[in-house]
Structure formats: C-alpha cells, structure tokens
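Hi,

Here is the structure I promised to pass on. Have a look at it first, and then read on for what turned up.

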Amino acid sequence: MDGPGGTTSGLVFGRSTGHEQVVFCQDRASGLRAIIAIYSSALGPALGGTRFHPYESEEEAVDDVLNLSRGMAYKNALAGLDHGGGKAVIIGDPRRDKSEVLLRAYGRFVQSLNGRYITACDVGTYVDDMDVVAKECDFVTGRSPDNGGAGDSSVLTAYGVFQGMLASAEHRWGSPTLRGRRVGVAGVGKVGRHLVGHLLADGASVVVTDVDERALARLRAEHPAVDVVADTDTLIRLPDLDVYAPCALGGALDDATVPVLTASVVCGAANNQLAHPGVEKTLAERGVLYAPDYVVNSGGVIQVADERRGFDFERAKRKATGIRETTARIFVLAADEGIPPAVAADRLAERRMAEVGRLRDIYLQS
C-alpha cells in the first residue's frame, strides 16, 4: 500500500474478482493497513465484519477479504436481509497493534464510503472496538448496549449454528436433536463456546480442541464434562464422532481432512470452510452431510442488521430461528436435484440477489 488509500472496482492484483469495489486503506502514523471489499450491493448496502489478523502478506489479506466478502453476499441473501455483502481486514496482530487511534483511523475510511459498507465485529475485533470505530463513523454495528448497539453477536451466531445442526440431525437421523450424539467442536472462542452450551443442554456429548489454552481453560471451568483433545487432526479422526463443527478460521475442509473425517455431518460456525471448489462434491461422495457455513452461521449478521432498526433481541432471535428451516430447505433441494447442499445454497442465494436486485431497475424519484 503506497498511498493513503485507493479504490478499485473488481480488479485486484491484475485479476478480475467479480467484486464491485475493493478499497485499500493506510494511515502510516497509526500503523493502519486495511482492505475493504464490497462484493455486491444488489440487495442493499454491504454488511460484514472487520477481521484483525497478522497476515503473512498483503496478497494473503486480499485473498481472505475477497473470499469473506463474497461469502457475506450469499449469507445476507439467504438470511433474508436487505443487505449486500462486504468485509474488511486489518493487517496486524490485534494483541500488539490495536490502538484507539488505529481504530478511529479505520472508522474514517469506512465513513468515506458513505454507507456503501457497514462494518461489525469479526475475528480479532470486539464490541469495545466497534464503539471506538463508531466515534468516527456512522456505519457501525455490533456496538455495546451502552452505545445503542446489540452487543456480542457471537450469541446469535452460535444459536443459528445450533439451529442448522438440528436441521442436519433431522435430515440425517430423522429427529431434530443432538441427544446421544458425539459432537466435535474445533475452536471454542467467541462462538464455539456458546455453541457448546447449546449442545450440552440438548443432551449431546461434546469433545473440543483449540490452539488457545486460555479459551480451553475458560470452557473447562464452565463445562467440566467436556472432553478435550490435542488438535483438530485428532478430533476429526475420533471413531465415535457424529458431527464435526469447525468454529475457527476457514479452510477446515480440504483434501487432507475430508478423506479421514469420521463424522457423517459437518455443521460449524467458521467462514469459508471449503478450502477449494470440489470439496463439497467429495463430501457428498463420502456420504457426509455438509450444512453450508454461510447459511448456518448467519445468526450474527441477523443480529447486527437488526441493530440498524433499533435492536430487539427477541425479534432478532426469532429471525435466527429461521436458519433451521432454511437449512432444511437446502437439503431438500439438494436431494431433489442431485447436487451437494453447498451448490443448492448458492443457487438459492443467487436467485434472490438476481430477483430482488432487479427491482433497482424500476425508477423511483429521489
């Protein structure tokens, strides 16, 4: 990033991406290096969180924000929201590089888009951070209740994943419950921790793993009955595993993990779980039911979108409960058309973006 900020439309590092707009943001004094990507605004202003992560390179950060923003467009479409898809990444270690001035500088860049992009929390950013960003920006969700916001969106994210898991259980085993099932959760941070609570309350047996010992210690203190294994490779090979829930970073399902996966259902909170196109077909060929990630993890974006209306938790929760029905509908479509659920979900999302987005062609005087 050579200048104070720049914008491109659908062309990044010389390749076409299909995005409407990609913005590079830099403030040398605060150390801010950020990228904002808007995939589509067909359904309305792009909505998606800000990820703060120590990427190895700028190109790695670009790849991530492009994938994440595209996923948000599809997620928002299937969640029934009048929002397009966008995402932002801040390059750096949040534990070392995050500061008030950096977040406020970032807020001014978001503000400069004049509402085309609305931000929220993601990996490495929290409610308190959004309160700081909002000091410079009107287009921020996921703020604290004291500042007019909805608070931690991981609560409804986990709830939505649980709804998707109930739909998966009914489709696979004929009953919408995880009682008596063994569920493996990889990543017990903001979302995974809440998901474990729902699973235990439903009668599931839960085994977890996480690279962060602090997250594991907190979970053990809350739920002593949960089992812990050393790593994800151990988790996915457990012989008694019924459901695998990836709840950390993306790319959890790849050519190395899918062949050794023992679970017959995959349903988790992580974004972009499929490492590359074709993995969904391999899962289907192995008889593994995959609940598309951007469908089941949409509870958080439902929550922050509701904040724009004046947040009502029960209203947002009712909408997030619909994730179960949407997931079930995707499984039925996939079975009827002989396609993987990931493909069925994409088709439904693309249909809504095309049909509703077309209405913009009808002229309304401003």
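Take Cys 247: the nearest cysteine sulfur belongs to Cys 267 and is 8.5 Å away. Seen from Cys 267, the closest cysteine sulfur is the one in Cys 247, and 8.5 Å is too far for a bond. Cys 247 is buried at 12% relative accessible area, and Cys 267 is buried at 0%. (Buried means under 20% relative accessible area, exposed over 50%, and partly exposed in between, with a 1.4 Å probe and protein chains only.)

Two housekeeping points before the rest. Because the model is predicted, local features need pLDDT of at least 70 and side-chain atom pairs count only at pLDDT 80 or more, while totals for chains, interfaces and linings use all residues. Residues are numbered from 1 along each chain as its sequence is written, and side-chain values use heavy atoms, with hydrogens and water left out.

Now the charged pairs. How many salt bridges does the structure hold? The count is 21, where a salt bridge is a side-chain nitrogen of Lys or Arg within 4 Å of a carboxyl oxygen of Asp or Glu. One of them pairs Asp 82 with Arg 352, with 3.3 Å between the closest N and O atoms. Asp 82 sits in the loop between α1 (58–78) and β8 (84–91) and Arg 352 in helix α13 (residues 341–357), so this pair ties together parts 270 residues apart in sequence. (Helices, H or I with at least four residues, and strands, E with at least two, are DSSP runs numbered from the N terminus.) Asp 82 is exposed, at 51% relative accessible area.

Arg 324 and Glu 170 make another salt bridge, and their closest N and O atoms are 3.8 Å apart. Here Arg 324 comes from helix α12 (residues 313–337) and Glu 170 from helix α5 (residues 154–173), so parts 154 residues apart in sequence are tied together. Both ends are partly exposed: Arg 324 has a relative accessible area of 29% and Glu 170 one of 38%.

Asp 306 and Arg 315 also meet through their side chains, at 2.7 Å from N to O. Is Asp 306 buried or exposed? Asp 306 counts as buried, at 5% relative accessibility, whereas Arg 315 is partly exposed at 24%. There is a network of salt bridges too, linking Arg 51, Asp 64, Lys 87 and Asp 122.

Helix α12 has one more residue to look at, Thr 327. Thr 327 is buried, with 1% relative accessible area.

Next, the sheet. Six strands form an open sheet in the order β12-β11-β10-β13-β14-β15, and the pairing is parallel. At the edges are β12 (227–228) and β15 (289–290), each of which pairs on one side only. Two strands pair if DSSP finds at least two bridges between them. Strands β10 (residues 182–186) and β11 (residues 205–209) run parallel and are joined by five bridges, with Val 185 opposite Val 208 in β11.

On to helix α3. Its 13 residues (100–112) should span 18 Å at 1.5 Å a residue, and the end C-alpha atoms are 19 Å apart, which agrees. (The expected span is 1.5 Å times one less than the number of residues.) Among the buried residues of α3 are Leu 102, Tyr 106 and Phe 109.

Just after α3 comes Asn 114, with a positive phi of about 55° although Asn 114 is not a glycine. Asn 114 belongs to the loop between α3 and β9 (117–118) and is exposed at 65% relative accessibility. Asn 272 is another non-glycine with a positive phi, about 50°. Asn 272 lies in the loop between β14 (265–266) and α9 (279–285) and is partly exposed, at 25%.

Finally, the surface. Val 356, Leu 359 and Ile 362 make a nonpolar patch of about 240 Å². Patches are made of residues with over 30% relative accessible area and no salt bridge, with like charges joined within 9 Å and nonpolar side chains (Val, Leu, Ile, Met, Phe, Trp, Tyr) within 5 Å; accessible areas come from the Shrake-Rupley method with a 1.4 Å probe, and for residues only the protein chains shown count as cover. Leu 359 is in the segment after α13 and is partly exposed, at 43% relative accessibility.

Cheers

Key: A disulfide is a pair of cysteine sulfur atoms within 2.5 Å.
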